[in-house]
Amino acid sequence: MSLHDSLAGDRTRIPNFRFSTESIRQEDQFDAWCEFTSSMCDLEAITPPSQGFRASADSYRLGSLQLTSFELSPMNFRYTHDIVRRSGFDHWCISVVTQGPVGYESRDSEFKVPAGQLILHSYASPFSGVMDKTNYSGVFFTRDDFWDIADQLDRAAHQLVQGPMSQILRDFLVSIANRANHLTVGEASAVGDAFGQLMRAMIAGTPATLESAQAPIAAVQFDRARRHINANLRSPDLSADQICATIGVSRRQLYYLFAEQGGVATYIRNRRLAACYAALSKTSDGRLVSSIAYEYGFTNLSSFYRQFHARYGFSPTEARAAARSGAAPASADTGTFVDWLLRTEPA
């Protein structure tokens, strides 16, 4: 039985929890947030509490992992020796800052965490810092689950995480955070396995850990390439060589990533056809079919009509007429997280 088959049964959404100060009286928002986080850290407001303190936390249970995305107003934070002793919270957290920076200080170091950067910290020792208006997502994981690399994690804690594998893990964390609302209990197992493989590959960096992480690495690379393609559909420079240079893979690896889509050129063409279909389906878009086709790189109109009909079973003109008559266009199924994760898994 494959991993995909073993996870297909449980389609229950993962447990989640949200706390926000939005509905609390403005002058009480900071105190409410302090109470919510009292077991984790001591806080100090930077602006007067009377001005309000907008903050939220969205947490998702991924098996033994906990994913939490924060949106925070400016503040100082301290995780002290007293909290370490009181909480008994022997976890690490690896976080990606999506809006920052965050000033950070531990016993051995002091630095800033810019947006787009990973940081690993340990709740077995104190740290402190300052946040401006900050958004970040972090995965909390226990020492018991990562005992085999615990010493290496402790040595890497309270530092910026650098290197090629950190970029892979960063993109993986962002993808999980973006998809969290749609994850199922069954898929959480795949997320946990992939996270463990990527963490071990990044922290240990041995041939064995890198080999074990090939499937999630390939999945992240595919997602990165796919996002680049979607953002550059109108560019005449979009090509396999440009994608390779942008995401840092070889042509051979790129072709492997897109093998199930018929190759990278086929994927680009299909995404451009889909963009044309979406434009033709907008009743407010009165441009000529030829103008829409040229916008997305189809310079031969006869060829565009043939490819569009082969893809959708009807012509661009018929697609526009259907939209104007009130028929809804077919929407592409983005699939589940496991579909994304296993799309490039070797057989």
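Tutor: Let us begin with burial: a residue counts as buried when its relative accessible area is under 20%. Please keep in mind that this model is predicted. With that cut-off, His158 is buried, because its relative accessible area is 9%. His158 is found in the loop between helix H4 (150–156) and S12.

Student: Which peptide bond is cis?

Tutor: The bond from Gly100 to Pro101 is cis, with omega near 10 degrees. Pro101 belongs to the loop between S6 and strand S7 (102–105).

Student: Is Ser315 buried or exposed?

Tutor: The cut-off for buried is under 20%. Ser315 has a relative accessible area of 15% and is therefore buried. Its place is in the loop between H13 and H14. Leaving aside residues up to four places away in sequence, Ser315 touches Tyr305, Phe308 and His309.

Student: Let us turn to strands. How many residues of strand S9 are buried?

Tutor: Strand S9 (residues 118–122) is mostly covered, with 5 of its 5 residues buried. Both faces are covered: one side carries Leu118, Leu120 and Ser122, and the other carries Ile119 and His121.

Student: Which strands pair with S9?

Tutor: Strand S6 (residues 91–99) is joined to S9 by 5 bridges, and the two run antiparallel. In this pairing, Val96 stands opposite Leu118. S9 also pairs with strand S12 (residues 159–161) in the antiparallel sense, over 3 bridges. There, Ile119 stands opposite Leu160.

Student: What is the strand order in the open sheet of 5 strands?

Tutor: The order is S2-S5-S10-S7-S8, and the pairing is antiparallel. Strand S2 (42–45) and strand S8 (110–113) are the edge strands, each pairing on one side only. On average, neighbouring strands of this sheet are turned by 20 degrees against each other, direction ignored. S2 and strand S5 (residues 75–79) are paired in the antiparallel sense over 4 bridges, and Ala45 stands opposite Met75 in S5. Helix H2 (residues 29–36) packs on the sheet, where it touches S2 and S5. The direction of H2 makes about 165 degrees with that of S2.

Student: How is the packing of two helices described?

Tutor: One gives the angle between their axes and the distance between the axes. Here, the axes of H8 and H11 come within 10 Å and cross at roughly 45 degrees. H8 and H11 are therefore oblique to each other, and their crossing is right-handed.

Student: Which residues meet where H8 and H11 pack?

Tutor: From H8, Arg226, Ile229 and Asn230 meet Val264, Tyr267, Ile268 and Arg271 of H11.

Student: How many residues has H11, and what is its span?

Tutor: Helix H11 (residues 264–280) has 17 residues and reaches 24 Å from its first C-alpha to its last, close to the 24 Å expected at 1.5 Å a residue. Its buried residues include Val264, Tyr267, Ile268, Arg272 and Leu280. The buried residues of H11 pack against several helices, among them H8 (214–231), H9 (240–247) and H14 (316–324).

Notes: Residues are numbered from 1 along each chain as its sequence is written. This is a predicted model: local features need pLDDT of at least 70, side-chain atom pairs count only at pLDDT 80 or more; totals for chains, interfaces and linings use all residues. Side-chain values use heavy atoms; hydrogens and water are left out. Buried means under 20% relative accessible area, exposed over 50%, partly exposed in between (1.4 Å probe, protein chains only). Two strands pair if DSSP finds at least two bridges between them. The expected span of a helix is 1.5 Å times one less than its number of residues. Contact means heavy atoms within 4.5 Å. Axes are lines fitted to C-alpha atoms, for helices over the stretch in contact, and angles run from 0 to 180 degrees between N-to-C directions. Angles under 35 degrees count as roughly parallel, over 145 as roughly antiparallel, 65 to 115 as roughly perpendicular and the rest as oblique. A crossing is left-handed if the near helix is turned anticlockwise from the far one by less than a right angle, and right-handed if clockwise.
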